[in-house]
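Please read these numbered points with the structure open beside you.

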Amino acid sequence: MEILMSQSVTVIGLGPMGQAMASAYLDRGYEVTVWNRTPSRADALVARGAKLASTTEEALAANELVILSLIDYDAMYTAFKGAEHAVAGRVLVNLSSDVPEKARAAARWVEELGGTHLTGGVLSPPPGIGSPDMSTFYSGPREAYEKFRADLEVITGKTDYRGEDPGVAALMYQLNMVIFWPAMLAYWQAVALAGAHGISASEIAPYATENYAGMGQFIDFYAPRIDAGNHAGDVDRISMGVASMEHVVHTNADAGVDTAFPEAVLAAFRQGAAAGHGSDSFSKLVDLLREPA
């Protein structure tokens with residue numbers, strides 16, 4: 001099936017991500033209509049040829065394909081208040097961050113208004129928008145996804161369709177955020193500790209990069225074992241994690257650095273040991289996390 005590009009699009013929400021998306025469409029020669037609660041954020045885009053809609057009703061009326069880049073799903077309801085009738089016949093691609101159940105509720109709301117809702121989860125910071133190497137999760141009606149797939153590939157070159165359930169793309173996005181934010185906070189913690197000893201962030205950056213790059217081999221090793229329920233302590237033990245994280249906490253404390261983050265990690269290891277799993281692999285913590293106290 002040949003996939004055609006619409007060559008016109010509406011972008012609602014002009015934070016850094018929305019501006020990057022609108023800019024990517026302009027780069028590809030699209031006619032772009034934009035709307036933002038603070039109109040001045042559209043100035044640079046208008047200077048490049050985008051049309052600024054004065055209302056969300058006008059923005060919705062301009063194009064069948066409407067990209068939403070808002071702080072959360074509640075912002076959509078606020079933005080569309082009084083313009084709900086204009087949703088009919090539109091395909092809303094909601095790239096706002098929120099939880100799966102809110103994505104499902106939003107899809108029902110849009111459908112009741114006569115529109116179509118596609119949930120999206122963008123795995124790229126604003127500078128990566130428009131790159132063929134970046135990826136976005138999508139879920140919702142397949143027909144709408146296929147119709148506008150080429151247009152969505154302007155945002156990120158890779159699109160990962162996860163099925164009809166509108167909540168799945170939001171879930172897949174949140175799974176990545178579960179990994180991303182703590183991983184970066186771990187680096188900030190290391191930077192703070194290094195700085196307390198006169199070592200710069202740039203100096204430890206190569207070691208941090210190498211550390212993160214090596215995480216893939218651990219994930220590949222543990223994933224099939226976890227799926228098989230194998231938490232044998234043949235390569236690591238929760239008791240080892242307790243001892244190691246105690247050293248981490250004390251090292252930070254001795255340097256006068258906040259210990260809240262490493263203490264939270266230590267608490268998870270101690271919970272596993274207290275539950276009688278000290279000699280098991282620390283992958284056993286997955287089971288404890290699945291059934292929180």
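1. M177 is placed in helix α8, where helices (H or I, at least four residues) and strands (E, at least two) are DSSP runs, numbered from the N terminus. Because its relative accessibility is 15%, M177 counts as buried; buried means under 20% relative accessible area, exposed means over 50%, and partly exposed lies in between, with a 1.4 Å probe and protein chains only. From C-alpha to C-alpha, M177 and L123 are 9.2 Å apart in space, although 54 residues separate them in sequence.

2. Before going further, please keep in mind that this is a predicted model, in which local features need pLDDT of at least 70 and side-chain atom pairs count only at pLDDT 80 or more, while totals for chains, interfaces and linings use all residues. Residues are numbered from 1 along each chain as its sequence is written, and side-chain values use heavy atoms, with hydrogens and water left out.

3. For the chain as a whole, the secondary structure comes to 13 helices and 8 strands, and the C-alpha trace spans about 60 × 45 × 35 Å along its principal axes. Of its 293 residues, 42% count as buried. Contact here means heavy atoms within 4.5 Å, and among contacts between residues at least 6 apart in sequence, 64% join residues at least 24 apart.

4. How do α5 and α8 pack? Helix α5 (residues 100-112) and helix α8 (residues 166-196) meet at an angle of about 150°, and their axes are 7 Å apart; axes are lines fitted to C-alpha atoms, for helices over the stretch in contact, and angles run from 0 to 180 degrees between N-to-C directions. The angle therefore makes α5 roughly antiparallel to α8, since angles under 35 degrees count as roughly parallel, over 145 as roughly antiparallel, 65 to 115 as roughly perpendicular and the rest as oblique. On the α5 side the residues are P100, A103, R104 and A107, and they meet P166, G167, V168, A170 and L171 in α8. By class, this contact of α5 with α8 has 7 nonpolar, 1 polar and 1 charged residues, where Ala, Val, Leu, Ile, Met, Phe, Trp, Tyr, Cys and Pro count as nonpolar, Asp, Glu, Lys and Arg as charged, and the others, Gly among them, as polar.

5. Helix α5 also has a partner in helix α4 (residues 73-80), and the axes of α4 and α5 come within 10 Å and cross at roughly 25°. That angle makes α4 roughly parallel to α5. In this pairing, Y73, D74, M76, Y77 and F80 of α4 meet K102, A103, A105, A106 and W109 of α5, and by class the contact has 8 nonpolar, no polar and 2 charged residues.

6. L70 has its place in the loop between β4 and α4, and L70 counts as buried because its relative accessibility is 17%. Leaving aside neighbours within four places in sequence, L70 is in contact with I12, G13, A75, M76, S96 and S97.

7. A polar atom of the side chain of N63 lies 3.2 Å from the backbone oxygen of V9. When neighbours within four places in sequence are left aside, the residues in contact with N63 are S8, V9, T10, T33 and R90.

8. T136 is placed in strand β7 (residues 135-139), and with a relative accessibility of 0% T136 counts as buried. The side chain of T136 makes a polar contact with the side chain of T156, at 2.8 Å; a polar contact is a pair of N or O atoms within 3.5 Å, and within protein one must be able to donate a hydrogen and the other to accept it, while residues adjacent in sequence count only if both atoms are side-chain atoms. Not counting residues up to four places away in sequence, T136 touches a set of residues including L95, V122, L123 and D160.

9. The axes of α11 and helix α12 (residues 260-277) come within 9 Å and cross at roughly 150°, and α11 and α12 are therefore roughly antiparallel to each other. A253 lies in helix α11 (residues 238-254) and is partly exposed, with a relative accessible area of 43%.
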